[in-house]
Amino acid sequence: MPGALQRPAVVSRVSDLIGYTPLLEFAATETGSRLLLKLEMFNPTGTAKIRMARQMITDAEDRGELRPGGRIIESTSGNTGLGLAVVAAERGYTFTAVVDHHASADKLRAMKAMGTELVYVDDDGGSSEELATAAREELAEEMARGQDNTIFTEQHNNPSNGVGYFPVAHELHEALDGRLDVLVGAVGTGGGLCGTARELRTLISDVTTIGVEPKGSIAFGGPAHDYYQSGTGTPEGAEIGALVDFGLIDEGVKVGDVEAFATCRAVARTGLLIGGSAGGVVHEALTRLAALPPGTTMVALVNDGGEKYLDTVFNDDWMHARELLAPATEREIDELLTKLRRNR
């Protein structure tokens, strides 16, 4: 990618490694349309969300809300917490993550390894996998209320979340020399897709934005039910985040756990491990690629890698116990990938 943005050859902090993530040409059609994956797992912690974690802390410092020796509190299903853990460790802050057992165990272990205090909303010692977004946020807000030099970063409603993804737009614009037609991404807090899209439209006026959430999530309507894709969507009982800007999303779609996870497993057989919600994004991108006008460039935002999901999405026993294992669906995706990848 001639002229692509590059980071300095030598950096002094882990957070200096954020950004400049690669684009992988993953699939193409006979008519010259192509699917590129923006591989955000090449950020520190293997996730896009460290971008907005750093931005939220930096902006809180600039406003004087967070001072040396302060405390950060956030409700997280894992990836935002990992980002906050890195930045807090670098800058000397205490970080408390309010979590539930829906999160990947590897994400929780990694946060703890970096010095994070984990507080479970289901603190009775149980192991329920129920997603408890609303309860987590209520507890995080309560813990921060009235405490000196303590902030609840409140990722779902923090404008800094979206601003943290503005650099993604510039990276895409420069790497592709402005030739980008369709952007596909997961919608959880809304920061990643909508933040990128907002800035991208100042650079490329006619980009189509496709938002993807799990079936069972309510941002694009019901019905609501439980789902296993983590770090994405809006579960029943939780408010749709203020950063979900429907004016920036041209089309909102839903992808079920079975299809998302089958895509992860099929993509793994190409040599690439992607996370569960990224499977939903890639599934949507793959299934619509052939119908795009000739010569279309589509980018899918792959927000994290699959290494954190080896005990879940890539574990046959875990998948089977939850009736998510779908060999026939995996074969269909394998066949589609074989067809599309030979055109690259």
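This is a predicted model: local features need pLDDT of at least 70, side-chain atom pairs count only at pLDDT 80 or more; totals for chains, interfaces and linings use all residues.
## Isoleucine 72 and the cores

Leaving aside neighbours within four places in sequence, isoleucine 72 is in contact with Ile57, Leu66, Leu84, Ala88, Tyr93, Thr94, Phe95, Thr96, Ile151 and Thr153. Where does this residue belong in the wider packing? Ile72 is among the residues with the most contacts inside the largest nonpolar core, together with Phe95, Leu183 and Val299. That core holds 43 residues. Several elements each supply at least two residues of this core: helix H1 (50-62), helix H2 (79-91), strand E4 (94-99), helix H3 (105-113), helix H6 (166-175), helix H7 (191-200) and strand E10 (297-302).

There is also a second, separate core of 40 residues, and it includes Ala266, Val282, Phe314 and Met319. As general background, nonpolar side chains tend to be buried together in soluble globular proteins.

## The four-strand sheet

Which strands sit side by side around E3? An open sheet of four strands has the order E5-E4-E3-E6, and its pairing is parallel. Strand E5 (117-120) and strand E6 (150-152) are the edge strands, each pairing on one side only. From one strand to the next, the twist averages 20°.

Strand E3 (residues 71-75) is largely enclosed by the rest of the structure, because four of its five residues are buried. Towards E4, strand E3 runs parallel and is joined by five bridges; glutamate 74 has alanine 97 in E4 as its bridge partner. Towards E6, the pairing of E3 is again in the parallel sense, over three bridges, and here arginine 71 stands opposite threonine 150.

## The six-strand sheet

The model has another open sheet, with six strands in the order E1-E2-E10-E7-E8-E9 and mixed pairing. Its edges are strand E1 (23-28) and strand E9 (251-255), each of which pairs on one side only. Direction ignored, neighbouring strands here are turned by 25° against each other on average.

Within this sheet, strand E7 (residues 182-186) and strand E8 (residues 208-214) run parallel and are joined by five bridges. Helix H6 lies across E1, strand E2 (34-39), E7 and E10, and runs at about 135° to E2.

## Leucine 37, a residue in E2

Leucine 37 lies in strand E2. Is leucine 37 buried or exposed? Its relative accessibility is 0%, so leucine 37 counts as buried. Not counting residues up to four places away in sequence, leucine 37 touches Pro22, Leu23, Leu24, Phe26, Leu272, Val282, Ala300 and Val302.

## Backbone details worth a look

The peptide bond from glycine 222 to proline 223 is cis, with omega near 0°. Proline 223 lies in the loop between E8 and E9.

Tyrosine 20 is not a glycine, but has a positive phi of about 55°. Tyrosine 20 lies in the segment before E1 and is partly exposed, with a relative accessible area of 35%. Glutamate 323 likewise has a positive phi, near 60°. Glutamate 323 lies in the loop between helix H10 (316-321) and helix H11 (327-341) and is exposed, its relative accessible area being 72%.

## The overall picture

Stepping back, the protein has eleven helices and ten strands. Its radius of gyration is 19 Å, close to the 20 Å that the globule rule gives for 344 residues, so the protein is as compact as a globular protein of that length. Along its principal axes, the C-alpha trace spans about 60 × 45 × 35 Å.

Buried residues make up 54% of the 344 residues. Among contacts between residues at least 6 apart in sequence, 72% join residues at least 24 apart. The protein exposes about 14400 Å², and carbon and sulfur atoms supply 48% of that area.

Definitions and conventions: Residues are numbered from 1 along each chain as its sequence is written. Side-chain values use heavy atoms; hydrogens and water are left out. A nonpolar core is a set of buried Ala, Val, Leu, Ile, Met, Phe, Trp, Tyr and Cys residues joined through side-chain atoms within 4.5 Å. Buried means under 20% relative accessible area, exposed over 50%, partly exposed in between (1.4 Å probe, protein chains only). Contact means heavy atoms within 4.5 Å. Two strands pair if DSSP finds at least two bridges between them. Axes are lines fitted to C-alpha atoms, for helices over the stretch in contact, and angles run from 0 to 180 degrees between N-to-C directions. The radius of gyration is taken over C-alpha atoms; the globule rule is 2.2 Å times the number of residues to the power 0.38. Accessible areas come from the Shrake-Rupley method with a 1.4 Å probe; for residues, only the protein chains shown count as cover.
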